[in-house]
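Please look over the structure before reading on.

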Amino acid sequence: MKMRLNSNKRKRIIFFFLLIVICIGFIWSLPRLSIPLMISYVLYLIVEPTIPHLIKLGFERNLAVIIIFLSLAIISIIPVVVLVPTIKMEVENVGIYLPKVETYVKTEYEEIQQIVLQKAGIEINNEYFKNALIYVTDNLQKIIINIPKLLASLLEWLLVIPFLLFFFLRDGFSFKRVILKLVPNEIFERTYYLSNELNKKIGDYIFAKFIEASIVGIIIFVGLLLMGVRFAFLLGIIAAFTNIVPYLGPFLGLLPAIILGLVEHGIQSPEFSGILILYLAANIIDLGFVFPILVSKMVNLHPIIVVISVIIGSHYFGVAGMIISIPLAAAFKLAVAQIYFEIYGR
Amino acid sequence: MGGFKHDNEEVDLPERLHIGVIKYFWQSSPYNPSKKTTIPHFLRNIIVFKDFSDYELYLLSKFIHERTYENGEIIFKQGDLGIGFYLIYYGNVEIIVEKENPSSTSTTENLEYNLVTCLEKKDYFGELALLQENSIRSATAIAKNACKLIGIFKPDLDELIRVHPVVATKLLQSVSMIIAERLYSITKEVKVLKYKLSKMEQLNENEVK
């Protein structure tokens, strides 16, 4: 009796873990599936906190999801109609702009070369500069060439992501229940606790990051708009997106603004220092107020671990990996701590 | 099907069907989700949930987990992290505690156990785990025969608080009621024990004198 019971138990545990491993492996091996899944999951985490408010107002869950979905659709259609032309224009302008940047950099470089030659008597080799320039332009070309490919998958995502998001919102609760039914008895409580903690960590982090990024993006956009700098909207979006990457992000966001300021207005112009002060102010507001209140409570990871996990994430998943690496690292830490307690006792 | 058709066909049916009859056939239809109504019905019969309305019990029933256990299966172990409050749907559950003074051969197999109670249908256990932060189980629960338990876990409670605060409040009220009752009986017992202890101390002193 006891033997039979034990083998039955073992079967259940093996079945459960095999199922998980197969599912993860399958999704992992298909980036065409895993990327929209990941994006819709992130969107789900951002949107989901609004559902309880609607349910409290007396709507059924289905109706609440439909209301949220319709309002999301309307909200996202407005920017598509209004903003796409401006973004398109700005992007096109950037395309016209890049040669201007190139010539600016070249003349600046020649000037510096002259100055160095006059003052120190050393001639700087042109090779380094040329190589650097070729490297940058090559990479830019690669990005521009890849844009149609990106647009094609974007079209696919445009159909798949709303579909996934809708059913995540509507049935996410019951999906979780079905999966939990499969969990074997002896690891049920631990699994439920751990998966819930991990989900909460990731969800809270992404929600907080979304709000933080939009605050920074709005500050930059409004500031640049008030200063009358070109590409204000594009720079705001870039600042918001790069802000998601910890430590490195703000500098990445600052880079295009510095280039633009230098080329457009020159280093001594009030606009250039204005841009610098604006970015500095936005990041001070972010690091001084928004980050401590919203984000830091959720992940208490050492900065070294943060940087390491960002690098690992960017290596395997690119930009998406950079974004998702911090909550994953926090989740991993939690799981390791739990297993540690399991082995060594409390 | 059988009892309805009579031998003689001339039985005059009522002109209009009775509401009760329609209701009966409606409820006995196999397409009716009668399975879903069993858990709210079960919860209705539990005393601590007496303040819940039918609809609230229905909402609560969506947030609970049904778990089945085989004979002798451990539900939770003493010293484990606990997050769940269990009600017994059917079957028997034994609550046992490891003995305080472990014998010299302290291998895990030779640990001695004290039986605390044997619980049966409609009983509940593990309610402290729902309220405590990082609750550690103070006893082991073992299924005595094939049984089905209804579990409410901490994440479910969090979700209930988020989505249906009224139901969550009532659930917490019920759990606090259980715990308050237990606390009351424990303080009573402590009082009696204190009294006995002081009596014994007095006796001791008298003997010493």
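In this predicted model, 16 residues of chain B are in contact with 12 residues of chain A. Chain A itself is divided into domain 1 (1-81 + 126-182) and domain 2 (184-346).

**Chain B against chain A**
- On chain B, the side touching chain A draws at least two residues from each of β1 (65-69), β2 (74-76) and α5 (154-163).
- That side of chain B consists of eight nonpolar, four polar and four charged residues.

**Domain 1 against domain 2 in chain A**
- The centres of domain 1 and domain 2 of chain A, taken over C-alpha atoms, are 19 Å apart.
- Domain 1 of chain A brings 11 residues to the contact, and domain 2 of chain A brings eight residues.
- On the domain 1 side, α1 (2-29) and α2 (31-47) of chain A each supply at least two residues.
- The largest share of that side, five residues, comes from α2(A).
- By class, the domain 1 side that touches domain 2 of chain A has nine nonpolar residues, two charged residues and no polar ones.

**Helix α2(A) against helix α6(A)**
- The axes of α2(A) and α6 (residues 188-227) of chain A come within 9 Å and cross at roughly 80°.
- Angles of 65 to 115 degrees count as roughly perpendicular, so α2(A) is roughly perpendicular to α6(A).
- From α2(A), the residues A:V42, A:L45 and A:I46 meet A:G203, A:I206, A:F207 and A:F210 of α6(A).
- The residues of this helix contact are six nonpolar and one polar, with no charged residue.

Methods
Residues are numbered from 1 along each chain as its sequence is written. Chains are lettered from A and ligands numbered from 1 in the order in which they are written. This is a predicted model: local features need pLDDT of at least 70, side-chain atom pairs count only at pLDDT 80 or more; totals for chains, interfaces and linings use all residues. Two residues are in contact if their C-beta atoms, placed from the backbone, lie within 7 Å. Helices (H or I, at least four residues) and strands (E, at least two) are DSSP runs, numbered from the N terminus. Ala, Val, Leu, Ile, Met, Phe, Trp, Tyr, Cys and Pro count as nonpolar, Asp, Glu, Lys and Arg as charged, and the others, Gly among them, as polar. Domain bounds come from an automatic or database domain assignment. Axes are lines fitted to C-alpha atoms, for helices over the stretch in contact, and angles run from 0 to 180 degrees between N-to-C directions. Angles under 35 degrees count as roughly parallel, over 145 as roughly antiparallel, 65 to 115 as roughly perpendicular and the rest as oblique.
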